[in-house]
Amino acid sequence: MKTPLHEVFDEHHIGLPSMIGMNELLGKAVLEGLSPASEDSEKILFLAIDMQNDFMEKGELAVPGSHHDVWNAARFLYSHLDKITRIAVSLDTHQPQQIFHPIWWIDGDGNHPAPFTIITPEDVLNGKWRAVNHPEESLAYVRKLGEQSKKELCIWPYHCLEGTYGAVLESQFANMVFFHSIARKSTPLRIVKGKDPLSEMYGIIKPEVSHGDDAGNIELLRELKDYDRVIVVGEAQSHCVLESLRQILVHYESDADLTSRIVVLSDCMSPIPGFEQSTEDAFAQLQEKYGITITTSTALKL
């Protein structure tokens, strides 16, 4: 690489606005002289789940360890820029008035639930919590979560509100994404998720509870088949990364060739506190059942 890593990625500004001008940065990317991604003999997709400011360590829904995760992911990308065919990024995108935010619910005294409150069907039926709007649909949602063995409804802090700084791709990671785009002549794939007011959407394929015949992001599922390897990083490991992986693997559960192409970089993701053990157990189960590879950014060689 002609451009030193520190001129692309500043580890001291993770979660902060970039001090590197995009035009200057991309001018350097042009000079790298790398072969176009379209010429890659082995097609590799680098899939980054929700690497956004609100999930960084000073964000509204901070994930401890996220800065280190971003740093590891960026170093891996830099070291393998000539091997990564395309980068895909998912973006959690919300409004305040959604079923998992405090404003949606009130108790008998008119108080909104605190972040991380769990709301069960029994809580709604006995009046502990009442939906301000769409009460019937809200009760049906929490019931369906239980029926489908999904996570219980958790009230999250307001996060990734559309148009805010917190919803933006973390600035230093964004530098690396767009540097790759110019250097390899490869357009990043942007996956927007989480806009349904009546459902959480942890995974990148479909919401926790789909309405009607929603088959999810079929276009993305089809694109995954174009790659020899799919490398996964992101935040939070316990929720959006885990559910994204689960949705992909369940869809392709009869295609062992495809599921075995998926590689998880465990040092480029961290769980929400309190979910450490359940997350470790869940990833071990996915590895055993579907044959995915779980390794680290330093151990994986391309």
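**Entry 1: strand E1**

I began at a residue pair: Ile49 stands opposite Gly234, which lies in strand E8. This is a predicted model, where I take local features only at pLDDT of at least 70 and side-chain atom pairs only at pLDDT 80 or more, while totals for chains, interfaces and linings use all residues. Residues are numbered from 1 along each chain as its sequence is written, and side-chain values use heavy atoms, with hydrogens and water left out.

Helices (H or I, at least four residues) and strands (E, at least two) are DSSP runs numbered from the N terminus. Strands pair if DSSP finds at least two bridges between them. I looked up the partners of E1. E1 and E8 (residues 229-234) run parallel over six bridges. E1 and E2 (residues 86-92) are also parallel, over four bridges. Phe46 has Ile87 as its bridge partner in E2.

Next I checked burial (buried is under 20% relative accessible area, exposed over 50%, partly exposed in between, with a 1.4 Å probe and protein chains only). Six of the six residues of E1 (residues 44-49) are buried, so the strand is largely enclosed by the rest of the structure. Ile44, Phe46 and Ala48 point one way, and Leu45, Leu47 and Ile49 the other.

E1, helix H2 (residues 66-79) and E2 make a right-handed β-α-β unit. Right-handed means that, with the strands pointing away from the viewer, the path from the first strand over the helix to the second runs clockwise.

**Entry 2: aromatic pairs**

I searched the whole structure and found four aromatic pairs. Rings of Phe, Tyr and Trp (its six-membered ring) pair if their centres lie within 6.5 Å; planes under 30 degrees apart count as stacked, over 60 as edge-to-face and the rest as tilted.

Phe9 and Trp71 are stacked, at 5.3 Å centre to centre with 25° between the planes. Phe9 sits in the segment before helix H1 (22-30) and Trp71 in H2, 62 residues apart. Both Phe9 and Trp71 are buried.

Phe46 and Phe76 have ring centres 6.1 Å apart and planes at 20°, so this pair is stacked. Phe46 is in E1 and Phe76 in H2, so the pair ties together parts 30 residues apart in sequence. Both Phe46 and Phe76 are buried.

I also noted a cluster: ring pairs link Phe116, Trp156 and Tyr202.

**Entry 3: helix H9**

I checked the length of H9 (residues 276-290). At 1.5 Å a residue, its 15 residues should span 21 Å, and the end C-alpha atoms are 21 Å apart, which agrees. The expected span is 1.5 Å times one less than the number of residues.

Thr279, Ala282, Phe283, Leu286 and Tyr290 are buried in H9. Seen down the axis, the buried residues fall within an arc of 95°, so they line one face of the helix. I take the arc from the directions from the helix axis to the C-beta atoms. On the other side, Glu280, Gln285 and Glu288 are exposed.

The buried residues of H9 pack against helix H7 (237-251), helix H8 (256-259), strand E9 (262-265) and strand E10 (293-295). Contact means heavy atoms within 4.5 Å. Gly291 follows H9, with a positive phi near 75°.

**Entry 4: Thr293**

I found Thr293 in E10. At 34% relative accessibility, Thr293 counts as partly exposed. Leaving out residues up to four places away in sequence, Thr293 touches Ile262, Val263 and Val264. Thr293 and Ile262 are 31 residues apart in sequence and 6.4 Å apart in space, C-alpha to C-alpha.
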